[in-house]
Amino acid sequence: MVRGLSKAVRAAAKAAHGGEQKEERTWRDETALGPRSFPYHVKEACWAKAEPVKGRDPTRWRRDALGNIVFRKLVGCQGCLCHDYDHIVPYSKGGESTLDNCQLLQATANRAKGNHSNLSKTTLVQRSAYCVLSARDMDLVELAAYGDVVHKEKGNGLGCRIQ
């Protein structure tokens, strides 16, 4: 099919009828609710309001709304440490892209949730990617992503750098 053909056909039909035809809209007018994705400052605030992982750098590790551990640099992928910024009330159901409607959610659980807002927490936990990490595993992930490991104990940042 030739690109733009349907638009040309609609324009020709409009000209042939001599009047204005109402264009049927099948997509959402994004000016009503704002953008579908969260702005950067909302994502930053959403990350900050999520529960920190005990003993880990809170700028790198958090727990999502279901208690799953997620890693800052893994966003939008499908692994067990990956996360998305989820609309609590789905965008398709009128949810806005604001901090009040944002939660950190493991990517697998977010895909399972889809555009539903009535799924129970138990159902979403069952659909989450199961992931058990030792402290050493978390160190290796952090080392690979940042080049160092930062542990938080009693408010003091203790870390190491492998050279």
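The lining of the second largest pocket holds 9 nonpolar, 4 polar and 1 charged residues. Here Ala, Val, Leu, Ile, Met, Phe, Trp, Tyr, Cys and Pro count as nonpolar, Asp, Glu, Lys and Arg as charged, and the others, Gly among them, as polar. The model is predicted: local features need pLDDT of at least 70, side-chain atom pairs count only at pLDDT 80 or more, and totals for chains, interfaces and linings use all residues. Residues are numbered from 1 along each chain as its sequence is written, and side-chain values use heavy atoms, without hydrogens and water.

Nearest the centre of this second pocket lie N68, I69, A129, Y130 and C131, from a lining of 14 residues. A pocket is an open set of points on a 1 Å grid over the protein atoms alone, where a 1.4 Å probe fits, with protein on both sides within 12 Å along at least five of seven lines; lining residues have an atom within 4 Å of a point.

I69 and C131 are also among the contacts of L81 (heavy atoms within 4.5 Å). L81 sits in the loop between β3 (69-71) and β4 (83-87). Strands are DSSP runs of E, at least two residues, and helices are runs of H or I, at least four, numbered from the N terminus. L81 counts as buried because its relative accessibility is 8%, and buried means under 20% (1.4 Å probe, protein chains only).

Now the largest pocket. R36, D86, H87, Y91 and N110 lie nearest its centre. β4 and α3 (107-113) each give two or more residues to its lining. β4 gives the most, with 3 residues.

Key: Buried < 20%, exposed > 50% of the residue type's maximum accessible area, 1.4 Å probe, protein only. Lists of a residue's contacts leave out its neighbours within four places in sequence.
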